[in-house]
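Please look over the notes below on helix packing and aromatic pairs.

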Amino acid sequence: MRIVCFFKLCMKTRVIFAIQNHTKMLRFSNKIKYGLQFLLFLDVDTETYTDIQRAALSCELPHKFLEGIAVSLKKHGILEVKRGAGGGYRLSREAEAVTLGQVVQALEGPAAKSTKKSGELTGQVIEATLDEVLARFWEELEGLSLAAIQKRYYESADKLMYYI
(Lines give C-alpha, C1' and ligand atoms only; values in the text may rest on other atoms or scores of the structure.)
Protein backbone atom coordinates (compact mmCIF):
# COMPACT_ATOMS: atom_id res chain seq x y z
CA MET A 1 0.00 0.00 0.00
CA ARG A 2 1.34 3.38 -0.94
CA ILE A 3 0.79 6.19 1.56
CA VAL A 4 2.11 9.68 1.02
CA CYS A 5 1.91 12.21 3.85
CA PHE A 6 2.78 15.86 3.51
CA PHE A 7 3.97 17.90 6.49
CA LYS A 8 4.84 21.56 6.40
CA LEU A 9 7.81 21.76 8.76
CA CYS A 10 9.07 25.22 7.94
CA MET A 11 7.26 28.29 6.69
CA LYS A 12 7.03 27.90 2.90
CA THR A 13 9.73 25.20 2.89
CA ARG A 14 8.24 22.20 1.20
CA VAL A 15 9.82 19.31 2.99
CA ILE A 16 7.96 16.17 2.12
CA PHE A 17 7.92 12.93 4.03
CA ALA A 18 6.91 10.13 1.73
CA ILE A 19 6.14 6.74 3.19
CA GLN A 20 6.37 4.19 0.43
CA ASN A 21 6.81 0.52 1.26
CA HIS A 22 7.88 1.51 4.79
CA THR A 23 10.78 3.63 3.48
CA LYS A 24 10.92 7.24 4.63
CA MET A 25 12.35 9.83 2.26
CA LEU A 26 13.03 13.52 2.69
CA ARG A 27 12.64 15.71 -0.38
CA PHE A 28 13.21 19.35 -1.21
CA SER A 29 11.19 21.32 -3.72
CA ASN A 30 12.27 21.54 -7.36
CA LYS A 31 12.84 25.25 -6.78
CA ILE A 32 15.61 24.45 -4.28
CA LYS A 33 17.04 21.67 -6.45
CA TYR A 34 17.11 23.86 -9.57
CA GLY A 35 18.52 26.80 -7.62
CA LEU A 36 21.38 24.67 -6.33
CA GLN A 37 22.05 23.25 -9.80
CA PHE A 38 22.18 26.80 -11.17
CA LEU A 39 24.56 27.97 -8.43
CA LEU A 40 26.81 24.95 -8.92
CA PHE A 41 26.87 25.57 -12.68
CA LEU A 42 27.82 29.22 -12.09
CA ASP A 43 30.54 28.13 -9.69
CA VAL A 44 32.17 25.62 -12.03
CA ASP A 45 31.60 27.59 -15.24
CA THR A 46 34.69 29.20 -16.74
CA GLU A 47 32.88 32.34 -17.93
CA THR A 48 33.02 35.43 -15.72
CA TYR A 49 29.29 36.03 -16.25
CA THR A 50 26.99 33.25 -17.38
CA ASP A 51 23.95 33.79 -19.59
CA ILE A 52 20.85 32.31 -17.97
CA GLN A 53 19.73 30.69 -21.22
CA ARG A 54 23.03 28.82 -21.51
CA ALA A 55 22.76 27.71 -17.89
CA ALA A 56 19.18 26.52 -18.41
CA LEU A 57 20.16 24.51 -21.48
CA SER A 58 23.30 23.05 -19.91
CA CYS A 59 21.52 22.05 -16.69
CA GLU A 60 18.33 20.99 -18.52
CA LEU A 61 16.21 23.36 -16.40
CA PRO A 62 13.09 25.29 -17.40
CA HIS A 63 14.28 28.74 -18.56
CA LYS A 64 11.37 30.79 -17.15
CA PHE A 65 11.46 28.97 -13.82
CA LEU A 66 15.20 29.54 -13.60
CA GLU A 67 14.73 33.27 -14.23
CA GLY A 68 12.45 33.47 -11.17
CA ILE A 69 14.97 31.55 -9.11
CA ALA A 70 17.77 33.89 -10.23
CA VAL A 71 15.73 36.94 -9.20
CA SER A 72 15.21 35.50 -5.69
CA LEU A 73 18.90 34.64 -5.33
CA LYS A 74 19.86 38.14 -6.52
CA LYS A 75 17.50 39.78 -4.01
CA HIS A 76 19.18 37.85 -1.21
CA GLY A 77 22.69 38.84 -2.29
CA ILE A 78 23.79 35.43 -3.51
CA LEU A 79 24.06 36.45 -7.18
CA GLU A 80 25.36 39.47 -9.09
CA VAL A 81 23.93 40.55 -12.43
CA LYS A 82 25.65 42.33 -15.30
CA ARG A 83 23.43 43.67 -18.05
CA GLY A 84 24.33 44.08 -21.70
CA ALA A 85 26.86 42.38 -23.93
CA GLY A 86 28.95 39.84 -22.04
CA GLY A 87 26.50 40.04 -19.17
CA GLY A 88 24.77 37.41 -17.14
CA TYR A 89 24.93 36.03 -13.61
CA ARG A 90 27.73 35.09 -11.26
CA LEU A 91 28.12 34.36 -7.56
CA SER A 92 28.39 37.53 -5.50
CA ARG A 93 30.79 35.88 -3.03
CA GLU A 94 33.03 32.84 -2.78
CA ALA A 95 31.42 29.39 -2.79
CA GLU A 96 32.64 28.78 0.78
CA ALA A 97 30.46 31.68 1.95
CA VAL A 98 27.24 30.40 0.35
CA THR A 99 25.45 27.81 2.49
CA LEU A 100 22.61 25.50 1.63
CA GLY A 101 20.59 27.15 4.41
CA GLN A 102 20.98 30.57 2.78
CA VAL A 103 19.82 29.18 -0.55
CA VAL A 104 16.78 27.48 0.99
CA GLN A 105 15.82 30.66 2.84
CA ALA A 106 16.32 32.78 -0.29
CA LEU A 107 14.11 30.53 -2.39
CA GLU A 108 11.47 29.39 0.10
CA GLY A 109 11.50 32.03 2.83
CA PRO A 110 12.77 32.05 6.41
CA ALA A 111 12.21 29.13 8.73
CA ALA A 112 9.61 29.60 11.41
CA LYS A 113 8.84 27.65 14.54
CA SER A 114 5.31 26.48 15.09
CA THR A 115 3.23 29.16 16.76
CA LYS A 116 0.44 26.88 17.92
CA LYS A 117 1.35 25.44 21.30
CA SER A 118 -0.42 22.45 22.71
CA GLY A 119 -1.77 22.54 26.24
CA GLU A 120 -1.61 18.78 26.52
CA LEU A 121 1.62 17.08 27.68
CA THR A 122 2.00 14.68 24.74
CA GLY A 123 1.55 17.58 22.32
CA GLN A 124 4.14 19.65 24.19
CA VAL A 125 6.68 16.81 24.11
CA ILE A 126 6.14 16.25 20.39
CA GLU A 127 6.40 19.99 19.62
CA ALA A 128 9.64 20.28 21.62
CA THR A 129 11.06 17.21 19.87
CA LEU A 130 10.16 18.47 16.40
CA ASP A 131 11.57 21.93 17.22
CA GLU A 132 14.87 20.26 18.19
CA VAL A 133 14.87 18.24 14.96
CA LEU A 134 14.24 21.40 12.94
CA ALA A 135 17.05 23.22 14.74
CA ARG A 136 19.46 20.38 13.92
CA PHE A 137 18.15 20.30 10.34
CA TRP A 138 18.91 24.01 9.88
CA GLU A 139 22.33 23.58 11.51
CA GLU A 140 23.12 20.93 8.88
CA LEU A 141 21.92 23.21 6.08
CA GLU A 142 24.01 26.10 7.38
CA GLY A 143 27.04 23.83 7.73
CA LEU A 144 27.01 22.72 4.09
CA SER A 145 28.55 25.21 1.66
CA LEU A 146 28.42 25.44 -2.10
CA ALA A 147 32.16 24.68 -2.04
CA ALA A 148 31.44 21.28 -0.44
CA ILE A 149 28.90 20.55 -3.17
CA GLN A 150 31.44 21.68 -5.79
CA LYS A 151 33.99 19.25 -4.32
CA ARG A 152 31.50 16.39 -4.74
CA TYR A 153 30.88 17.54 -8.31
CA TYR A 154 34.57 17.37 -9.20
CA GLU A 155 34.97 13.98 -7.46
CA SER A 156 32.03 12.64 -9.49
CA ALA A 157 33.40 14.15 -12.70
CA ASP A 158 36.77 12.48 -12.09
CA LYS A 159 35.06 9.09 -11.79
CA LEU A 160 33.40 9.62 -15.17
CA MET A 161 36.58 10.75 -16.91
CA TYR A 162 38.19 8.28 -19.28
CA TYR A 163 41.93 8.56 -19.86
CA ILE A 164 43.53 7.20 -23.01
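How many aromatic pairs does the count come to by the ring-centre rule?

1. The count comes to five aromatic pairs. Rings of Phe, Tyr and Trp (its six-membered ring) pair if their centres lie within 6.5 Å; planes under 30 degrees apart are stacked, over 60 edge-to-face, the rest tilted. This is a predicted model: local features need pLDDT of at least 70, side-chain atom pairs count only at pLDDT 80 or more, and totals for chains, interfaces and linings use all residues. Residues are numbered from 1 along each chain as its sequence is written, and side-chain values use heavy atoms, with hydrogens and water left out.

2. Tyrosine 34 and phenylalanine 65 form an edge-to-face pair, because their ring centres are 5.6 Å apart and their planes stand at 85 degrees. The former lies in helix α1 and the latter in helix α3, so the pair ties together parts 31 residues apart in sequence. (Helices are DSSP runs of H or I, at least four residues; strands are E, at least two.)

3. Tyrosine 34 counts as buried at 17% relative accessibility, whereas phenylalanine 65, at 34%, counts as partly exposed. Buried means under 20% relative accessible area, exposed over 50%, partly exposed in between (1.4 Å probe, protein chains only).

4. The rings of phenylalanine 38 and tyrosine 89 are also edge-to-face, with centres 6.0 Å apart and planes at 75 degrees. This pair links helix α1 to strand β5 (residues 88–91), 51 residues apart. Both phenylalanine 38 and tyrosine 89 are buried.

5. Phe28, Phe137 and Trp138 form one aromatic cluster.
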